[in-house]
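User: Please go through this model with me, setting each label against the definition behind it.

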Amino acid sequence: MSEKKTQGIQKATLKKVFGYIKNYRILMLLSIIMAAATVICSLYVPILIGRAIDLIIDKGNVDFEGLSVLLPQIAVVALAVAIIQWLMNTVNNRITYHIVRDIRDEAFRKIEILPLSYVDSHPAGGIVNRVIADADQFADGLLMGFTQLFTGVVTILGTLLFMLTINWKIALVVVVLTPLSLFIAKFIAGRTYKMFRLQSETRGEQTAFIDEMIGNQKVVQAFSHEAEALEKFDEINDRLADCSLQATFYSSITNPATRFVNSMVYAGVAAAGAVACIATAGTVNPFTVGQLSCFLSYANQYTKPFNEISGVVTELQNALACASRLFELIEEQPQIPDAENAAVLENVKGSVSLENVDFSYTLERELIKDLSLNVKPGQRIAIVGPTGCGKTTIINLLMRFYDVNSGAVKVEGEDIRNVTRNSLRSSYGMVLQETWLKSGTVRDNITMGKPDATDEEVIAAAKASHAHSFIKRLPDGYNTVIGEDGGSLSQGQKQLLCIARVMLCLPPMLILDEATSSIDTRTELKIQEAFARMMKGRTSFIVAHRLSTIREADVILVMKDGHIIEQGRHEELLELDGFYAKLYNSQFAV
Amino acid sequence: MKKLLAYLKSYTKESILGPLFKCFEAVLELFVPLVIAAVIDNGVALGDKGYIAKMCLLLVVIGIVGLAFSITAQYFSAKAAVGFARDVKHDLFKHIQSLSYSEIDTLGTSTLITRMTSDMNQVQSGINLTLRLLLRSPFVVFGAMIMAFTLDFDSALIFAAAIPALSVVVFGIMLWCIPLYKKVQQRLDKVVSITRENLTGIRVIRAFCKENEEIAEFESRNEELTKIQKFVGRISALMNPLTYIIINLAIIWLVYTGAVRVETGILTQGTVVALYNLMSQILVELIKLANLIINITKSVACGNRIQSVFEIKSSLENGNSENGSGEYAVEFRHASLKYANAGANALTDMNFTVKKGETVGIIGGTGSGKSSLVNMIPRFYDAAEGEVLVNGVNVKDFTIDDLRDKIGIVPQKAVLFKGTIRENMQWGKTDATDIEIFSALETAQAKAVADSKGGLDFMIEQGGKNLSGGQRQRFTIARALVKKPEILILDDSASALDFATDAALRKALRSMDYSPAVFIVSQRTSSIRHADKIIVLDDGEIVGIGTHDELLESCDIYKEIHSSQFKKEAV
């Protein structure tokens, strides 16, 4: 990306960031004022201490009266600094955390209305990262960056001002020498950047290798591949050690180097200051030892904000990058909202029709072409085909997870794009192959579709889906908390819970995905039985794996590579002697 | 952590020189205020410009020598830390590889990966920081105090009071915050988990129209997080203001004490300035020390986790037999298997024999112990009772490499590795020729796939991501076939294949010329019905052994399984 373009994006991002800060502008203003006050007060303290030192000149030459005024003054100023600083920190925290909260809420609300095409094509981990890590980085980096930048600049300007008013010549020594440390820091950073990149690349390579080998340790052992793996690992490991040493060492020179510049400034101030003391001794406006000590303490502090600012700039850029990723998510095109006059589907009997439907996930690869299908209430539609042939596509269209490209899907004669999503989706009961449960109690999961269900209803639904007996045996029965995605439940148990979930509300239409190889046949029988009970009298779409289901279906859709290639009843399709016939016969082939 | 630190032994020189040079630098830094005091008392007071020039030159020299010391220290620390990490990682990787299946099960691979990567990085940077700073900061703090004592005893007492007060504040706030940060993390985890759930479960959530409830739940968890973050923020925000007050009060006290003692002629003005400068140095170092300690605590925790991996010893002991002979390729003699931490046996009293060239089908419900049974043959798990024999020799008496070399296994999960198809195939036999590979591919019904990808040089991505599930499965079968094993184990390895391919595969396996003993684990009776022998498992016990027809007669569970899959035929 060209630098100009990057800058353009950064500018746009910055603008949006200000949009979020706007809600907190009073706090922000307060924070800036307090930052300025803290800095100026804390710069004033060395001056006061310098004055106090000037009152302590020699044996018998100490101005206790003056000290008795000055010392309490120092105490008051220090106390003021402390209080304002604490308030400022608290206000900053508030701004930061509230903005992160706001952004996260907004991002999450967006997730709930994103089109499924977006979620399907972006790994969940990446999106989670944006909502969590990027939001944190953004807040920390940007807001802390701003305050650090601000206090840094005020400190530099304030110090400069104080120094110039006391003695401009010595101030000049500081001003001229200090930028040196910036140059050195930048020089080293430039040199180490490459090494750091090499380090992180090699580290990535090593992590990938570890991931692969340790993650599949069992296969590695099964093939006695340990020695080869170790050899390869050592090769990467040695390379990593080399570049890691260089990166670590060269980057760790920065601190001593800037400290060195600092000590040069210090020596310069000491020399110039001491000479000035002698030169102006006895004049009307002498440069005193107290002022020298004040200068020395400034010289010590003055380089610090410079070093910090160079760090802050990278942090700010990083934060902006995080922010722009976050905004990308927030500004992502949402799904087409329900039409304003969208009807609410009521009294669904279960007639569904697909009329000349064209659909594809990407423009390049057309999938469904001119599919028409008429389903009468109570009919069973079996979708069959080899794994990965796109059986779920049909489900996506029926539930309106995706919209058709052309043609229409109709329920009760009504185009589903003209009814509310809620009413459409609650007309279907869906049990997918990927059993998904939310973390919470067993009961929470069953009552997902009907939160106000009574205990009796829940138990009845569980009994009907053969889930009751295993739920009873869980430590806390229906109140057992299950972890994210089902936690310790077996695949079969999860499936039974998903069925119970649908059993409780029993909508007029069903979408079912038959059990997979990961469930043993006896559990499968139970699931079968539960399915059969549900399907009675309901329009059902079944992704079928079992012959019995297929045979009893009113219509079989045979899919291959995303296309529906055959359509009809079992006998008709056998007679056709096409793909279906081959698929069917192979089950019994020897 | 202690045992881990033994790895620093190879870097003894570096680990001593690093901190040592750091301390040299710190001593030099402590001398700076004394030089300034001399400038004020001897240079300014007496108007001696030559003396001032000399002293300031001394400051420059101190700066240069300090820089040299410090860079030397950084080099040694970096070298020790990096070398340490390299050595530990090497041994850790080797160690993890030597663990047996049961240890891997207990630990979990994702844990092991974390130990090797992020934990290791944390330890490396922790060691680097420790070598650089752990001695330096206390050295400066106490050095300043000692320096103060050499200047003036009474004033130094102020240091003796200020240092504990500052320490109480710095470490007190730190200790208060650490458990709170844990709480923050817990609440953050809750926000993470609901976010992830809403992405992975998006279809279900939308199907049940739960979007608004989820938003409300998210917002309340988010608010909880924000609340505790603000609370911790308010506490940790106390650190700077409180230390600032303490240090300034100490300075005021110092100036006052100084004033009294200058008045009586015990101290000079320059000394007071020197004491003031020393006091200023303390604060910075204490805060650095506090941050360092947080960092070290984290590193030690990581180090302990790594060490606990080292402490797990492999339960496998190598035998010394290379070969054996006997009528049976595989024999189970009343063998039982019990997994670590499990209450009951996974397998009980397995007793059967398999001749060379025989095909054995193993069937049963989920959790009935099918995979466990075949995993005992290559000694992935050892028998708790009884014994398992291969070629008439107890598997424990073989060297592990020799034993596993006889066995080709196709695991349930089809895993391929980054590299070409050829490299993946050569896992089975390092020097396999293309002809051998192609013949294995052909048997595994994978030749067409390899051809369509452009041959053996096709690069497979990590985890085989650029292949479909069925393609991966065929390649894993071929990989096991390349070495022409005496015993071939297919652990439910045809689940992603369609019926036609599955049938073709079985046919090809039967016609292999080196006639290995074949174990087929499956849930489908269609996959094993033609086996010479079928073993039916239920809840870890053998409930039937025989041919398909025999079992249909005698074994109820087999009948049940079969009829559930072929309902119509059974009726």
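Analyst: In strand β10 of chain B, the bridge partner of G361(B) is I520(B). The model is a predicted one, in which local features need pLDDT of at least 70 and side-chain atom pairs count only at pLDDT 80 or more, while totals for chains, interfaces and linings use all residues. Residues are numbered from 1 along each chain as its sequence is written, and chains are lettered from A and ligands numbered from 1 in the order in which they are written.

User: Why is β3(B) called largely enclosed by the rest of the structure?

Analyst: A residue is buried if 20 or more other C-beta atoms, placed from the backbone, lie within 10 Å of its own, exposed if 12 or fewer do, and partly exposed in between. Since 6 of the 6 residues of β3(B), residues 359-364, are buried, the strand is largely enclosed. T359(B), G361(B) and I363(B) point one way and V360(B), I362(B) and G364(B) the other. In a regular strand the side chains alternate between the two faces of the sheet.

User: How do you know that both faces of β6(B) are covered?

Analyst: In β6(B), residues 407-410, I407(B) and I409(B) on one side and G408(B) and V410(B) on the other are all buried. β6(B) pairs in the parallel sense with β9(B), residues 487-491, over 4 bridges, and the partner of I409(B) in β9(B) is I489(B).

User: What counts as contact between chain B and chain A, and how many residues take part?

Analyst: Two residues are in contact if their C-beta atoms, placed from the backbone, lie within 7 Å; 123 residues of chain B are in contact with 123 residues of chain A. Helix α3 of chain B, residues 49-98, gives the most to the chain B side, with 24 residues. That side divides into 58 nonpolar, 40 polar and 25 charged residues, where Ala, Val, Leu, Ile, Met, Phe, Trp, Tyr, Cys and Pro count as nonpolar, Asp, Glu, Lys and Arg as charged, and the others, Gly among them, as polar.

Definitions and conventions
Helices (H or I, at least four residues) and strands (E, at least two) are DSSP runs, numbered from the N terminus. Two strands pair if DSSP finds at least two bridges between them.
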